[in-house]
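Please look over the structure shown below before reading on. The briefing that follows takes up charged side chains that pair with one another, and then turns to one helix and what surrounds it.

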Amino acid sequence: MPLDPVTPVPLTHDLLRADILRHLTYTLGKDADHASLSDWRMALSHAIRDRIVEPWFASTRRTWAEGRKRVYYLSMEFLIGRLLEDACVNLGLREAAAAAMADLGQDFAAVVEDEPDAALGNGGLGRLAACFMESMATLGCPAYGYGIRYEYGLFRQRFENGMQVETPEDWLKQQHPWEFERPEAAYTVGLKGHVFHDQGRETWEPGETVCAWAYDTPVIGWGGRWANTLRLWAAKPTTQFDLDRFNRGDYAAAAEPETLARTLSRVLYPDDTTYQGKELRLKQEYFLTSAALQDILRRHLAGGLALRDLPKHVAIQMNDTHPAIAGPELIRLLHDDHGIEFAEALGIARACLGYTNHTLLPEALERWATFTFGNVLPRHMQIVERIDQWHRDEHPGRPHYVGIVKHHEVRMGELAFVMSHRVNGVSALHTDLVKKNLFPELHALHPDRIINQTNGVTPRRWLRMCNRPLSDLITDTIGTGWEDHLDRLTGLEPHVDDSGFRDAFAAAKRQNKVALAGWIHEHCGVTVSPDAMFDVQIKRIHEYKRQLLNILQTVAHWHAIRQNPNGNWVPRVKIFGGKAAPGYAVAKEIIHLINDVAATINADPVTRDLLTVIYPPNYNVSLAERLIPAADLSEQISTAGKEASGTGNMKFMLNGAPTIGTLDGANVEIRAEVGAENFFLFGLTAEEVVRRREDPDHARKAIEASQPLQDVLMMVAEGRFSPGQPDRYHGLVDRVWHHDDFLVAVDFAAYDAAQARADAAYADRDAWVRMAAMNTARAGFFSSDRTIRGYMADVWDVTPAL
């Protein structure tokens with residue numbers, strides 16, 4: 001059955017201008033003479049949203065009419081970024097929108113810049129979820145994304161005296177024009193309370209309840225042919241207001257139910273260094289999962305379908321361990337609420353659920369104390385113990401059985417594994433390590449359950465939208481169609497030998513660098529040359545991602561320039577971006593060091609034309625869209641065996657930035673695709689890391705073997721970058737010497753040598769451009785469309801509608 005309509009209604013900029021003025025007047029209540037920039041943005045957003053609604057409705061009708069299986073993607077994060085320009089690009093309306101705004105005396109670029117980033121995520125996990133939602137819409141895979149509508153997101157980052165300071169990310173202080181409030185889709189979520197045994201059945205009476213209130217955002221795919229739904233839950237009280245208390249003058253107590261309920265959807269990843277923080281995190285995860293599953297069952301039953309047929313119509317994907325409570329909750333709903341026998345309910349749940357693992361760090365696999373878990377979710381504690389016993393009974397005679405409940409902890413990674421019919425890693429290396437190191441016992445019991453689905457990124461946002469100079473060159477060279485068939489980029493390879501193409505490629509890169517240099521001057525107060533190498537590391541701050549290695553090598557490079565200022569140096573601009581978790585003291589100390597080093601280097605008259613360090617605060621999707629197209633070198637330097645995949649590495653590759661990196665995560669596959677000659681490899685392999693860490697003196701030996709590293713650590717320890725507080729970084733230096741869990745010292749010399757190779761390569765600018773162009777030409781494998789096709793075939797058993 002064809003989708004009706006299959007494309008957006010043809011729209012000239014004159015018609016769009018009329019729609020903008022109509023929304024300005026009748027939706028916003030403003031006239032053109034008194035409208036602010038935000039008013040114009042809201043009017044344009046509503047006009048563009050109107051063009052999304054028709055394919056959104058048509059996609060839903062077709063899904064119902066054809067009885068199509070739906071995918072339900074559960075994620076604590078959806079880092080969707082700005083939506084206005086993305087929607088215009090996917091609908092093919094960007095030029096019309098820009099022309100309409102120009103007719104109205106407004107600059108389209110300024111209007112786009114006025115939109116706040118939706119504060120719904122932190123890093124790669126959330127951005128991957130957003131790419132997947134867009135790819136599912138592009139491919140016609142019927143889907144809902146389920147998340148939380150955080151009022152303040154993670155936090156807004158700023159720097160005071162070089163230190164990270166967290167303030168609320170108040171992105172919802174203005175109306176969010178892309179969402180539709182759905183008061184009819186509201187569900188009661190219970191917490192705490194007691195479980196009673198009555199007539200052979202368990203009955204849970206929650207001690208607290210909260211209402212999950214739905215807000216829907218349509219997600220439009222490329223060409224406007226299909227749209228899916230991102231449904232976000234806001235927490236609201238089940239008891240709105242205590243009028244009796246208010247009338248007695250107890251005003252704070254009267255508002256207490258609303259205050260406590262809204263706490264669940266205020267902040268992403270509340271600090272869990274306290275018991276209250278841990279409890280809040282668990283409540284958030286259950287709030288999201290319970291609301292989503294209630295919504296899924298309600299939709300299934302509304303279609304007149306039997307619950308026993310749920311796996312034929314429903315595929316539920318758990319994006320990491322945060323929604324791992326989905327297994328017990330789905331069993332509870334099927335067994336307690338709908339009367340299906342426990343064993344059958346368990347089988348139905350497992351047939352519906354899939355689990356994507358995103359971490360190789362054992363501490364990142366959530367574990368809840370049984371006291372906390374049982375206190376917050378007493379009925380689920382019983383169900384988890386029963387699942388654990390069932391799985392143990394299924395595999396008797398195992399002397400070292402790895403339990404879900406063990407050592408007074410509920411292990412959410414093991415729970416997600418046991419309750420899923422498929423478990424997937426997100427890169428070839430990561431999947432192998434999940435089998436060997438993370439879940440070896442469970443893999444031995446279920447050897448066919450773990451599969452690989454290497455991550456990808458959407459080329460519509462990460463090339464077509466954010467890098468117009470390069471995307472226009474690609475289209476001029478190989479034609480249209482690469483946007484949703486990224487493997488066609490291989491058609492660029494024959495042109496890489498053409499000097500005219502290389503000149504055009506270099507010109508596109510320079511245009512992006514000139515724009516970024518202007519932005520840096522305006523927002524950071526630092527002048528940089530677009531002729532310098534732009535060397536970029538942007539990701540959340542964590543020891544395993546090794547921003548510390550980067551900044552220590554930067555200091556070594558600066559020291560070398562000072563010793564020989566007339567040497568043949570390649571000018572560099574080192575750019576960092578990323579946030580540290582509020583409770584992660586070491587990561588925040590690394591941020592402080594980066595900013596202190598930047599202040600010293602940027603003020604040095606000897607080196608300022610050869611080395612600059614930039615660290616813009618509050619890294620987010622929009623900043624990434626500015627930095628990645630302008631990058632010359634992509635820093636992917638995590639300790640081998642620690643990064644699951646990475647997607648920033650793919651975005652840099654797509655935009656023509658060669659990688660300097662370890663054989664970690666998807667770097668392995670990037671190097672295989674692009675060729676070793678177009679990749680700056682350094683460092684130990686994952687196997688070598690394991691062996692080296694067995695030597696307790698590995699760091700000391702590496703430091704003693706490297707005079708540059710000794711010099712750097714001495715400068716840091718003596719207060720060269722913190723003269724007002726010379727001992728500021730004694731703890732950080734001590735960690736490198738004695739507690740270097742992520743092998744910064746061991747890999748330092750190899751990293752320094754790789755940076756020297758990158759300098760030599762950049763000095764031959766034509767050869768560098770060839771290398772950069774080959775990165776773009778061979779990036780086709782890393783489309784999230786390819787990843788989603790893999791999930792549809794190997795995990796979800798869903799056929800595309802388009």
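Across the whole structure, which is a predicted model, a search finds 64 salt bridges.

- Asp117 and Arg82 form a salt bridge in which the closest N and O atoms are 3.6 Å apart.
- Because Asp117 lies in the loop between helix 5 and helix 6 (124-139), while Arg82 lies in the loop between strand 1 (70-74) and helix 3, the pair ties together parts that are 35 residues apart in sequence.
- Are these two residues, Asp117 and Arg82, buried or exposed? Both Asp117 and Arg82 are buried.

- Arg262 is partly exposed, since its relative accessible area is 27%, and Glu258 counts as partly exposed at 33% relative accessibility.

- Glu493 and Arg778 form a salt bridge whose closest N and O atoms are 3.2 Å apart.
- This pair links distant parts of the chain, with Glu493 in the loop between helix 20 and helix 21 (499-524) and Arg778 in the loop between helix 32 (765-777) and helix 33 (784-796), 285 residues apart.
- Glu493 is partly exposed, with a relative accessible area of 27%, and Arg778 likewise counts as partly exposed, at 21% relative accessibility.

**A network of salt bridges**

- Which residues are linked in a network of salt bridges? The network links Arg182, Asp216, Arg231, Asp295, Arg298 and Arg299.

- In helix 4 (residues 94-103), the buried residues are Arg94, Ala96, Ala97, Ala98, Ala100 and Met101.
- The elements that cover these buried residues of helix 4 include helix 1 (13-26), helix 2 (37-65), helix 3 (84-91), helix 5 (108-114) and helix 20 (468-478).
- Just after helix 4 comes Gly105, which takes a positive phi of about 80°.

Notes:
Residues are numbered from 1 along each chain as its sequence is written. This is a predicted model: local features need pLDDT of at least 70, side-chain atom pairs count only at pLDDT 80 or more; totals for chains, interfaces and linings use all residues. Side-chain values use heavy atoms; hydrogens and water are left out. Buried means under 20% relative accessible area, exposed over 50%, partly exposed in between (1.4 Å probe, protein chains only). Helices (H or I, at least four residues) and strands (E, at least two) are DSSP runs, numbered from the N terminus. Contact means heavy atoms within 4.5 Å. A salt bridge is a side-chain nitrogen of Lys or Arg within 4 Å of a carboxyl oxygen of Asp or Glu.
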